[in-house]
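Thanks for coming, everyone. Please have the sequence and the model open while I talk.

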Amino acid sequence: MDLRNGVEIRSLGTTPGEFRRDLLSNLYYRRGTTVESASAQDAYETLALTVRDRLAERRARTAAAQYESNPRWVYYLSAEYLLGPQLEQNLLYSGTGEAARQALEACGFAPDEIAALDVEPGLGNGGLGRLAACLLDSLATMDIPAVGYGIRYDLGIFRQEFQDGRQVERPDDWAFQGDPWEFPAPDDVQTVGFYGHVEERDGRRAWIPGEVVLGEPSHLLVPGYGTTTVNIVRLWRARAHRASFDLTRFSAGQYAEAVQDAVRAENISKVLYPDDSTASGRELRLKQQYFLVSCSLRDIVRRFHIRNADWDTFPDKTAIQLNDTHPVLAIPELMRLLVDEEGLDWQYAWSLVRRTFNYTCHTLLPEALETWPVDMLGHLLPRHLEIIYLINAGLLDEVRSRFPDDLDRVRRMSLIQEEPARLVRMANLAVTGTAMTNGVAELHTQLLSSTVLRDFHDLWPSRFANVTNGVSPRRFVRLANPGLSALISSGLGGDRWLTDLSLLEGLAALTDDASFREQWRDVKRAAKAALGLGDPDALMDVMIKRFHEYKRQQLKLLHVITLYHRIKAGGYDGVPRTVLFGGKAAPAYQAAKNIIHLINAVATVVNADPATAGLLRVVFPANYNITLAEHIIPAADLSEQISMAGKEASGTGNMKLTLNGALTIGTLDGANIEIRDRVGADNFFLFGLDAPAALALRSDAYQPRDHYHSDDELRAALDAVQAGAFGGVGHEVAASLLDRDEYLTLADYRSYVDCQTEVDAAWRDQERWTTMSILNTARAGFFSADRTVADYLDRIWHAAPVRP
Ligand code: NBG
């Protein structure tokens, strides 16, 4: 193919011989070593480069085709990405897995040992960051011209360890050895300002920053599956200006002072904020957000100008998705670029901005809707605060004219909260400055429109849409679960399901085939054996997700204690279970950390008691991340999705587990509702209050102690916890449940525990269970991220594929 400059690109082959030739030449020329002296790390990095080259070639062709067609681009702005390990993905997508294995072995390297050196970049906290990665995967797979923008944190989400059962956070220096998948582009650096003041210059407002930091991008390749499209995710890293090193001070022996400005600048991309539940209120976080936005928008504008001159067409060429409120400063920043720097008229600029951006909200927790102190924002970004005030004036005029004399509404909708403290409301700004706002599951979008964002929905109902989340079947079935994938492909007569997940439907017919059912069971059993946690014949009962009280790990724990008590009482008739927990708590979230501590304490007691042998095991592998998820999900029989209804925006772990044949025990919350609608009520274990009932109970002077007094098993479980049967931490957990129980754990306890008895009954009939399991997978095709992207394209982005 001719790539603009008339030079032919040599195609890199994918046969074992060609792969081996390139592996060796990379070892010599790029790594500077030889087979004889290569370390495992040398071999790993060389392998990565050899695989990366094959994708880079596709990337060049993709970029040429995209450039040629001058399409509408989808730009995904996200403070978080959980991309997962890159090696296995890139081997699969480039079709070089087998060639690589042979080449490594021929050179005397052990492929598994080398693959184990691949470090996952943990640049996100949980669902929101992994969703971003799944959407990028699907965008590339569907040949949509797209770029993901994010921050290249030096330290990703903390590494979790347990000390005496307590969570301890360790720094995650993921790129300590360097990252062979990354392409740094120091020549594309952007300059980002902070602080300073605003003045009038030639009739325009001009911001004179008081501090300047550089943003240096690097990109990772995002290959599509079953296509040659390779998109990129571009991550920004803060760099100090050369001038920030103070040579005079250094020469005077003031070493720390000499670098303090540089350190301050580079701290911006030092750490991922390990908090996905509360606005941290710290200036550094706000700096990170502006840093991401400022670098990315300049890059987007630069890319626009490669092929386009006229601002009129900017929204036709550019769809920018704001992933939650973290990148919402992009709205005033684009206004500033257009009005102050480009000299466009305010109203005209606003019409461009409003057609360019869209906003996805990922929460229902009021405390997770970000706000920033007006003073802090005005100090850090003085011109942006002025612009926010101007946007607000326009918004409030519109509200007043639509709802005259409704002062309360004006107050609620204002971008500025006045009482008790003056705060900028980022979600309000997000809805105001975008074409579309979406929630991430049907219930979530409904609740957003009727509660948190109700006033905005009243004003602009057509600007709200739902796009239910989805997950990548490539990563979470094909890569995570090769055994099941092979069985599915043999059942369906091919692997087209990997890019058209609705084809899984075809598995439903195979539930009548006893040998297929047996193979299905064998695959699940093998995954459990490979995981190596607990008896592979026991029911693997899995709760993997961030720790948050609304998700209710404490409810699962009360169930475990109840089973333990039943066992101790003798005559236990439940099925053997391994209960697996996985997840991290935000370092400052003490209540969640107490629950982690208590789970570990219960595990110690239960697992050590001979009475539980063969009946109950509690396991809690530390440091749950994408790599671990890929091992646990295939092994799960039961998926715990037990949040208080009305709190979980969607969930995506629920989808991954369903696709891998786990049955769900869950409330009518988030996407559970849609999962149950599809897999069928008979194949789903439903319990608990629904969202309206939970809301009513909470506002109705809920008394958790009533449940404690009226339910003997619950009382026994809480008494044991409170009395210290599992150590001192139990006291705090029990007290919080008995005194407040904000998430109605005790109210749902009986319904949950009884529903678990139904789970036991279903498990005892293994043929029935297997049929239900197959049907779960067969009917979960809707939860492909490809469908999610198709919905975004149809409802929000209106962008078309470009095929290289
Ligand atoms: C999370 C929700 C999940 C949802 C993911 C992805 C945040 C702020 N929200 O329910 O809690 O599945 O977003 O949409 O991380």
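Val-119 counts as partly exposed, because its relative accessibility is 43%. Some terms here: buried is under 20% relative accessible area, exposed is over 50%, and partly exposed is in between, with a 1.4 Å probe and protein chains only. Where is Val-119? It lies in the loop between helix 5 (111–115) and strand 3 (122–123). Helices (H or I, at least four residues) and strands (E, at least two) are DSSP runs, numbered from the N terminus. Which residues does Val-119 contact, leaving aside neighbours within four places in sequence? They are Tyr-44 and Trp-174. Contact means heavy atoms within 4.5 Å. Then there is Pro-85: 34 residues from Val-119 in sequence, yet 6.1 Å away in space, C-alpha to C-alpha.

A word on the source. This is a predicted model, where local features need pLDDT of at least 70 and side-chain atom pairs count only at pLDDT 80 or more, while totals for chains, interfaces and linings use all residues. Residues are numbered from 1 along each chain as its sequence is written, and side-chain values use heavy atoms, with hydrogens and water left out.

Next, the nonpolar interior. A nonpolar core is a set of buried Ala, Val, Leu, Ile, Met, Phe, Trp, Tyr and Cys residues joined through side-chain atoms within 4.5 Å. The largest one has 140 residues. Phe-194 and Trp-797 have the most contacts inside it. Helix 9 (residues 283–307) gives this core its largest share, 10 residues.

Now the rings. How many aromatic pairs does the structure hold? The count is 22. Rings of Phe, Tyr and Trp (its six-membered ring) pair if their centres lie within 6.5 Å; planes under 30 degrees apart count as stacked, over 60 as edge-to-face, and the rest as tilted. Take Tyr-149 and Trp-236. They are stacked, 6.5 Å centre to centre, with 10° between the planes. This pair links distant parts of the chain, 87 residues apart. Tyr-149 is in strand 4 (residues 146–151), and Trp-236 is in strand 12 (residues 230–239). Are these two residues buried or exposed? Both Tyr-149 and Trp-236 are buried. Ring pairs also join them with Trp-73 and Tyr-75 in a cluster.

Some rings have a charge over them. The rule is NZ of Lys or CZ of Arg within 6 Å of the ring centre and within 35 degrees of the ring normal. Arg-52 lies over the face of Phe-183, 3.8 Å from the ring centre. Arg-678 puts its charged end over the ring of Phe-782, at 3.6 Å from the centre.

Two strands pair if DSSP finds at least two bridges between them. Strand 15 and strand 17 (residues 423–425) have three, in the antiparallel sense. Trp-372 has Val-424 of strand 17 as its bridge partner.

Last topic: charges. Side chains of opposite charge can pair when their charged atoms come close. A salt bridge is a side-chain nitrogen of Lys or Arg within 4 Å of a carboxyl oxygen of Asp or Glu. By this rule there are 61 salt bridges. Arg-170 forms one with Glu-161, with the closest N and O atoms 3.1 Å apart. Arg-170 is partly exposed at 29% relative accessible area, and Glu-161 is partly exposed at 26%.

Arg-298 and Glu-341 form another, at 3.3 Å between the closest N and O atoms. This pair links distant parts of the chain: Arg-298 in helix 9 and Glu-341 in helix 11 (residues 330–341), 43 residues apart. Asp-537 and Arg-525 also meet in a salt bridge, 2.8 Å from N to O. Finally, which residues are linked in a network of salt bridges? They are Glu-200, Arg-205, Asp-340, Arg-383 and Glu-386.
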